[in-house]
Amino acid sequence: MTDDPNSPDILLSDTERLHALNVLSEHYAAGRLDSSEFYDRSGWVAQARTLSATRPAFDGLPGGVPLEIAGGHVRVVDGSASVPAVRPKDEPAPTDPETELVSLRQRGSVVESLDWIIIGITLMTFLVLQMIVEWDYAWVVWPSLIVTLSVPRMILGFSDEDEEIYEELKESATDERKARLREAAARIRQLESGDSKREK
């Protein structure tokens with residue numbers, strides 16, 4: 001141990017280790033680590049006594065170690081695992097199926113957002129015409145949704161088939177993320193129970 005209050009060898013508390021494990025779990029749920037890597041890295045964090053000992057567990061992960069030294073104390077850092085992947089400007093866009101799926105997901109997300117905006121605007125228009133203007137034919141705004149909802153799809157080239165695939169991808173991604181989070185939670189519980197057994 002060193003006398004430097006900002007030394008990375010400062011001892012960690014259980015709460016700080018648990019925070020690091022939770023961030024590692026987010027990376028696993030996001031698909032950055034496979035099961036074997038997550039198992040190994042979470043074990044390293046659970047056994048880490050100092051901040052420097054946690055570093056290898058976060059090698060290659062965006063955000064790095066979600067803990068830092070400030071004024072001689074360990075401080076929790078927002079180690080969010082949802083860092084978007086950015087492609088350099090000079091790198092040509094690949095034309096593989098994976099890229100096509102990424103494009104489909106992006107277009108699907110935009111269409112989905114626009115759908116909610118259009119529905120919200122239509123509802124507000126209906127309420128204004130019905131309640132404030134007191135127009136008897138305010139209901140005509142609802143059939144217009146058929147047209148307005150199709151406009152973003154036409155502009156983005158988002159077909160019915162694309163929409164079907166997008167919904168399947170979204171459902172699959174949700175299920176996979178849930179499974180990963182359940183597995184990560186089970187691993188953390190396993191590591192915590194191992195620590196408690198050692199303490200006894």
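Two strands count as paired when DSSP finds at least two bridges between them. With that in mind, I turn to this predicted model and begin with its hairpin.

Strand 1, residues 67-70, pairs with strand 2, residues 73-76, in the antiparallel sense, over four bridges. Within this pairing, Glu68 stands opposite Arg75 of strand 2. Two residues separate the strands of the hairpin, and Gly71, in the turn, has a positive phi of about 60°.

Leu67 leads us to the largest nonpolar core, which has 22 residues; Leu24, Val45, Phe58 and Leu67 touch the most other members. At least two residues of this core come from each of helix 1 (14-29), helix 2 (35-47), strand 1 and helix 6 (160-199). Helix 1 gives the most, with five residues. A separate core of five residues includes Leu104, Val111, Tyr166 and Leu169.

Let me now consider Phe58. Setting aside neighbours within four places in sequence, Phe58 contacts Ala20, Val23, Leu24, Arg41, Val45, Gly64, Val65 and Pro66.

Finally, I come to the packing of helix 1 against helix 2. Their axes lie 9 Å apart, at an angle of about 170°. Angles over 145 degrees count as roughly antiparallel, and helix 1 is therefore roughly antiparallel to helix 2. On the side of helix 1, Arg17, Ala20, Leu21, Leu24, Ser25 and Tyr28 take part; they meet Ser35, Phe38, Arg41, Ser42, Val45 and Ala46 of helix 2. Seven residues of this contact are nonpolar, three polar and two charged.

Key. Residues numbered from 1 in each chain as written. Predicted model: local features only at pLDDT ≥ 70, side-chain atom pairs only at ≥ 80, totals over all residues. Heavy atoms only, no water. Core = buried A, V, L, I, M, F, W, Y, C linked by side-chain atoms within 4.5 Å. Buried < 20%, exposed > 50% of the residue type's maximum accessible area, 1.4 Å probe, protein only. Contact = heavy atoms within 4.5 Å. Axes fitted to C-alpha atoms, helices over the stretch in contact; angles between N-to-C directions. Parallel < 35°, antiparallel > 145°, perpendicular 65-115°, else oblique. Nonpolar A, V, L, I, M, F, W, Y, C, P; charged D, E, K, R; others polar.
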